[in-house]
Amino acid sequence: LTRSPPLAAVTGSDASGPDPQLAVTMGFTGFGKKARTFDLEAMFEQTRRTAVERSRKTLEAREKEEEMNREKELRRQNEDIEPTSSGAHVVRDCSKSSSRDTSSSESEESSGSSDDELIGPPLPLKMMEEPSNHIEEDILGPLPPPLYEEREREAETQAEGEAGGENPVQKIPDSHEITLKHGTKTVSALGLDPSGARLVTGGYDYDVKFWDFAGMDASFKAFRSLQPCECHQIKSLQYSNTGDMILVVSGSSQAKVIDRDGFEVMECIKGDQYIVDMANTKGHTAMLHTGSWHPKIKGEFMTCSNDATVRTWEVENPRKQRSVFKPRTMQGKKVIPTTCTYSRDGNLIAAACQNGSIQIWDRNMTVHPKFHYKQAHDPGTDTSCVAFSYDGNVLASRGGDDTLKLWDIRQFNKPLFSASGLPTMFPMTDCCFSPDDKLIVTGTSVQRGCGSGKLVFFERRTFQRVYEIDITDASVVRCLWHPKLNQIMVGTGNGLAKVYYDPNKSQRGAKLCVVKTQRKAKQAETLTQDYIITPHALPMFREPRQRSTRKQLEKDRLDPLKSHKPEPPVAGPGRGGRVGTHGGTLSSYIVKNIALDKTDDSNPREAILRHAKAAEDNPYWVSPAYSKTQPKTMFAQVESDDEEAKNEPEWKKRKI
């Protein structure tokens with residue numbers, strides 16, 4: 001073992017500099033050089049001085065900018081207030097005592113006892129109220145009011161003007177549109193996440209498609225398509241309040257929850273259809289109609305079904321519902337709910353039924369409805385949608401009797417307004433409120449080839465039909481007005497999903513994908529020539545092409561297997577180890593087998609007794625099983641022929 005070199009040698013503190021041999025030994029250049037030292041206090045002091053200097057410059061620039069803005073504002077105020085007819089400035093002497101207040105000044109000016117004479121327009125009210133002891137020098141022109149109060153006053157005036165006179169139709173974002181091709185069948189479900197980044201569509205073709213506005217280009221293609229419910233039509237799609245889950249309601253009796261990428265999170269259990277009381281079974285037993293997420297509580301949702309129940313669920317417990325609401329007629333009979341929804345605060349649950357009634361429950365009380373209006377729409381028609389306003393006081397219902405009605409839940413005894421002449425042919429036709437709660441939107445249905453479906457806008461305050469949009473030559477089934485994007489999504493009966501937006505009034509959404517050009521195919525992904533490659537086209541599997549038959553025959557002649565002459569059939573007794581045939585008939589075959597038959601023609605009893613001694617000496621199969629239950633076997637003795645002759649009766653002997 002060798003001792004390590006001293007520290008001075010390693011650090012290279014020798015005056016002669018680093019040893020080149022030592023650098024070669026350590027494997028890299030520069031080893032042994034003296035380490036560089038830093039004065040941290042000097043660095044910190046330099047940094048502090050630099051920061052102070054920058055801060056001082058920033059403050060000076062900011063003060064200078066504020067002063068310039070103040071001068072510009074003052075100049076603008078003077079130009080606005082100064083009368084155009086007067087060419088001279090107004091001069092006011094402000095050298096009064098500090099004890100004079102505003103009221104005394106006003107009285108002295110009105111009585112004519114004031115020593116000062118005012119020339120020009122009167123002072124603003126704010127300056128008249130201020131005491132005069134704050135003014136110690138002459139000011140040219142009238143004093144302007146404080147800027148912030150003036151701005152607040154202007155903002156309030158502008159807001160009042162907007163509230164009173166602005167037309168809500170001007171806020172409808174319909175100047176531009178894009179069309180998303182879902183399929184060829186009806187788009188019966190639409191869902192948009194709370195942030196407005198992704199749109200999900202579902203239809204009668206069992207497909208659910210995902211659209212990402214930020215990832216799409218001008219080709220408007222979905223990035224994912226799946227069939228979560230196999231062969232069941234999609235009735236409803238809705239994102240949760242957190243945007244990480246999607247509620248899928250189909251024509252089956254089991255609702256599903258999938259994540260943002262389409263993977264299944266949970267599936268509700270199916271109930272027992274042979275139980276009479278639907279409150280005693282764990283899930284729905286008939287086809288679903290629609291579903292809705294709770295607006296506040298994460299993981300809670302609601303579904304309604306043909307089994308005459310409305311059930312609430314929790315994602316963490318798919319094996320049983322949380323609670324059951326059973327709509328009833330005034331006589332206490334079952335009635336099927338066709339649609340359901342939560343209120344904006346989540347405390348109320350509203351459902352519309354097939355008998356035309358609308359029933360509203362408290363979320364925590366399932367026994368009796370809090371509000372019940374029995375003839376909201378015509379009996380026997382399917383009310384397709386109920387929706388609460390953003391303030392939570394008004395409920396809109398879209399009936400199967402071609403009407404749209406508005407209800408105040410604080411006075412739920414009659415509708416506020418009603419509009420008719422809105423044909424619908426789908427059990428999921430939507431209605432919704434605008435983000436500012438001033439408009440109500442719904443769609444209309446048409447027969448194929450008999451006009452175009454429309455999106456109709458009603459003003460909430462007067463319920464006047466203020467605006468219409470011709471969508472397409474098919475029915476308008478779904479409509480959705482997103483509050484953050486300020487864009488309107490529409491699902492139609494011919495497999496299209498349209499998005500209406502305004503570049504100035506809307507945010508993100510469709511604006512992100514419209515500006516992107518359609519992607520071109522990359523050059524590396526294309527082939528210069530179209531080759532068709534199959535496994536057997538490779539040289540190692542390729543069979544040689546026959547050029548002539550003569551050469552192939554010559555090769556076959558040299559092959560001992562192919563050139564072997566077939567042997568003729570054997571005639572006679574046989575030769576060369578081959579057995580001769582006895583003819584090709586059935587009789588010759590039978591005669592041959594009889595000749596080869598070597599069966600034992602001896603007495604079968606003797607053949608059995610031949611093995612009796614061996615079985616007695618070594619019992620293995622039968623004897624041990626019957627050793628305790630069977631008596632000892634005794635066989636009769638066989639008499640010889642002489643003994644038989646002796647024992648024969650006399651009459652037989654005489655006859656012989």
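Figure 1. Helices (H or I, at least four residues) and strands (E, at least two) are DSSP runs, numbered from the N terminus. This is a predicted model, where local features need pLDDT of at least 70, side-chain atom pairs count only at pLDDT 80 or more, and totals for chains, interfaces and linings use all residues. Residues are numbered from 1 along each chain as its sequence is written, and side-chain values use heavy atoms, with hydrogens and water left out. Of the 656 residues, 34% count as buried (under 20% relative accessible area; exposed is over 50%, partly exposed in between; 1.4 Å probe, protein chains only).

**Figure 2. Lys 171 and Asp 436 form a salt bridge.** Here a side-chain nitrogen of Lys or Arg lies within 4 Å of a carboxyl oxygen of Asp or Glu; the closest N and O atoms of this pair are 3.7 Å apart. Lys 171 sits in the loop between α6 (147–165) and β3 (176–181), and Asp 436, 265 residues apart from it, in the loop between β24 (431–433) and β25 (439–443). Lys 171 is partly exposed at 32%, and Asp 436 is partly exposed at 30%.

**Figure 3. Asp 261 meets Arg 224 in a salt bridge of 3.7 Å, N to O.** Asp 261 lies in the loop between β10 (256–259) and β11 (264–267) and Arg 224 in strand β7 (residues 224–226), so the bridge ties together parts 37 residues apart in sequence. Both partners are partly exposed, Asp 261 at 33% and Arg 224 at 29%.

**Figure 4. Arg 465 and Glu 468 pair at 2.8 Å, N to O, in a salt bridge.** Arg 465 is partly exposed at 40%, as is Glu 468 at 32%.
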